[in-house]
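Please keep the sequence and the structure in view while reading.

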Amino acid sequence: MKSHTKVAVIGGGVVGCSVLYHLTKLGWTDIMLIERSELTSGSTWHAAGGFHTLNADTNMAALQGYTIRLYKELEEITGLSCGLHHVGGVTLATTPERMDYLKAERAKHRYMGLDTEIVGPEEIKKLSPITNEEGVIGALYDPLDGHLDPSGTTHAYAKAARMAGAEIVLRNPVKELNQRPDNSWEVVTEQGTVIAEHIVNAGGLWAREVGYMAGVYLPLHPMEHQYLITEETPEVADLGYELPHVMDPEGESYLRQEGKGICIGFYEQDCDPWAERGTPWDFGHELLNDNLDRIGDALEFAFKRFPVLERAGIKKVINGPFTFAPDGNPLVGPVPGLKNYWSACGVMAGFSQGGGVGLTLAEWMVSGEPQRDVFAMDVARFGDWITPGYTRAKVKENYQRRFSVSYPNEELPAARPQQTTPAYGIWKEQRAVFGAQYGMEVVNYFAPDNEPLEETPTFRRSNAFAAAAAECKAVREAVGINEIHNFGKYTVKGKGARNWLDWIMAGRIPKPGRLSLTPMLSPAGKIIGDLTVSCLTEEEYMVTGSFGMQAYTMRWFEQHLPEDGSVTVENISTRRIGFQIAGPKSRELLSRVAFEDVSADAFKFLDVKQMDVGTCHAIIQRVTYTGDLGYEIYVPAEEQITLYHILAKAGQDLGLKPFGMRAMMSLRLEKSFGSWGREFRPDYMPAETGMDRFTLYKKEADFIGKAAALKEKQDGPKRKLCSFIVDSDDADVWADEPIWHSGEVVGFVTSGGYAHYSQKSVAYGFVPTEIANDGLEVEIEILGQKRKATLFTQTLFDPNNERLTN
Ligand SMILES: Cc1cc2nc3c(=O)[nH]c(=O)nc-3n(C[C@H](O)[C@H](O)[C@H](O)COP(=O)(O)OP(=O)(O)OC[C@H]3O[C@@H](n4cnc5c(N)ncnc54)[C@H](O)[C@@H]3O)c2cc1C
């Protein structure tokens, strides 16, 4: 074993081996993998080996597609067989809601270049004669689905990496990780100590323990999972071809052919988290005791869906553990708070996702950033608020919902409320319906007395529609109040603060008393933040952005802080909270409670002021995401309730009404404001999204991403983010719907919904620049139906920004 290495990958499951291979592929060959036992000794060896592309996140789906296409390449490089069976697969729908979901997925696949199709019951029967199609409305057929040999595939990754120069050390547990002053790591193993520039935690079932070795908690939990293999059956043996996979969400099962028999696995409701207090180090190549009682109901259902199962004897039951993160996606990337420690764990579908995880992490390590937005699997999507108890509850929920329809407006109940602000009880009394963002309870809307305190999950307009409309009206015609706790907030202080911000942000850094909107870019010019910078003094700034991006944003800030200590950054997201008031009467309301002149001339659009409101110390910004006249009023968390009562009392006769996120997201639509994670994300660059308005290309500072952004601007973007009015009735766009023009898919939707006050269904999306002109007529496919849509360039509300700026 060598004594020094650029990278030590810990763990020789399918994921660790994929990371090792991809690092060599991108040119890093002085690397090694250290495995406790033999390759595949964690979850990998007992996997059923199935793979598929279906994933609600389009970038995850694309990476799954990459993984599946990679296997042929691995076979060619190594001469080893991955045991590939590209048999295709059908996901059944037995309810109209599931059919909506599958149609929406099919629509997304069009611009992703995936050849899935919707098939009817007859076609299903033809593809899979052992399936009883009774009660089945249709299915999504994916020709890329299939299965492989888990061990052969892992060894193929390993051999390909070895051939390129990587070292693999087996039967050598890593015992300790100690960071050295130069940020490299001392990796203490049973066979000696290695100094590694970087560590990759690919510890799979033991990833939590490998995290603790560096003092971090990685939110994942193992679950038990069972599948059965039957004896040979004539229905399969005599078929003459190999059966496609059948996913039957109603029965919580997946099925495929195994030899001349059948392999069927279950994601049952009565499921068991495993190894709650940690994975035993002596757990190896053994299986857990089978528990057929636990899958009794699912099995009974499966007998009806696949009657052949009743006649086929069970040859083998596999019960093994594998890990999940709270939302079921992997945990990948640089671990916040640590230097040179990377995560490649929480991968619950190693054979669908392992290649994409390996590629992403290798890109990140070698080039400094992944090529696409991988926030859906970024380890930084969870903050330090997360606890093992939260993870456990969410993982169980996720396992139970593995085959559930994911609705775009759905709020899942497990482990809630996790975090609340002081105002939570006030909203609750007013019949708030909450959602959760990054662990924090956030009001979605206020339910009228005759409505349930729950939003119905749907792809169509929900029961929140009328309530959100009323909230929008209150804002536009009087004044609305909404909590602003769900912004990420940071203070940036110090002598070097201005220069540092000027370098890290692409936009203008304002003078004292002013604020500006600015993108933050990666070196490749991708948008990695959509932030507001407020200058309180020359040496103190407040930066606000997306609440869910706290760990991501802090990780970036900390990676780029000057070493001389001239700048300090602090995350104050839950400490400085408050309310925004918005609407034509908001100035009147503020004037009643503020201790200073807030008239239009004294308090201008984009001003920021520190002033007292009632008895509270506040920082007030004249800006609101509603696109109306309005103010964000920030106070220390312990003064929030006081501030609420001051505003509520003073606003009573002005028609002050609370509003939630559903209304807020509707109001921004009629101002054509983009939102983080939808219109602005690391997949896009400033000029194509319109963010060039806020990018100060000419500033002296050589800001991060400047060269790439300038090039994009000078070359002219190939596509443009545009707004459309959609001709729809009971369903609006959510995201990722294809945009058709002249019979072809030319673009995709980023987000949208119903702009209540303007009474228009609105979509944002990208189309090629050459056709992105006012009045362009396109069609947008919503739930399988093409809807007419017209491009508009003048905002629907207050097109001259009179309300906003006067
Ligand atoms: C019953 C069952 C069926 C499944 N079916 C499928 C399927 O059909 N399709 C699919 O895609 N996925 C399936 N999976 C999931 C799949 O097995 C996992 O996604 C995958 O194996 C995860 O791989 P990994 O490399 O992350 O982790 P693991 O396979 O757990 O590998 C981690 C490795 O790290 C090593 N290690 C840990 N700590 C140390 C240390 N301190 N020092 C050195 N080495 C260490 C371990 O020995 C182990 O070899 C199934 C899982 C189960 C249990």
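By class, the shell around the ligand consists of 21 nonpolar, 16 polar and 2 charged residues, as found in a model that is predicted. Of the 39 residues around the ligand, those that come nearest are Glu-35, Thr-44, Gly-50, Val-347 and Phe-351.

**Ligand surroundings**

- Four elements each supply at least two residues of the shell around the ligand, namely helix 1 (14-25), strand 12 (221-230), strand 16 (314-324) and helix 10 (350-367).
- Val-14 has a backbone N or O atom that lies 3.3 Å from an oxygen atom of the ligand.
- For Gly-50, which is among the residues that come nearest to the ligand, a backbone N or O atom lies 2.8 Å from a ligand oxygen atom.
- Val-347, likewise among the residues that come nearest, places a backbone N or O atom 2.7 Å from an oxygen atom of the ligand.
- Taken on its own, the ligand has 1000 Å² of accessible area, and the protein covers 97% of that area.

**Helix packing**

- Two packed helices are described by the angle between their axes together with the distance between those axes.
- The axes of helix 2 (residues 58-78) and helix 5 (residues 150-163) come within 9 Å of each other and cross at roughly 60°.
- Because of this angle, helix 2 is oblique to helix 5.
- The crossing of helix 2 and helix 5 is left-handed.

**Backbone geometry in loops**

- Arg-416 and Pro-417 are joined by a cis peptide bond, for which omega is about -10°, and Pro-417 is placed in the loop between helix 11 (388-400) and helix 12 (424-429).
- Asn-340, although not a glycine, has a positive phi of about 60°, and Asn-340 is found in the loop between strand 17 (331-334) and strand 18 (341-345).

Key. Residues numbered from 1 in each chain as written. Predicted model: local features only at pLDDT ≥ 70, side-chain atom pairs only at ≥ 80, totals over all residues. Heavy atoms only, no water. Near = heavy atom within 4 Å. Polar contact = N/O pair within 3.5 Å; in protein donor to acceptor, adjacent residues only side chain to side chain. Areas by Shrake-Rupley, 256 points an atom, 1.4 Å probe, with all protein chains shown as cover. Nonpolar A, V, L, I, M, F, W, Y, C, P; charged D, E, K, R; others polar. Axes fitted to C-alpha atoms, helices over the stretch in contact; angles between N-to-C directions. Parallel < 35°, antiparallel > 145°, perpendicular 65-115°, else oblique. Left-handed = near helix turned anticlockwise from the far one by under 90°.
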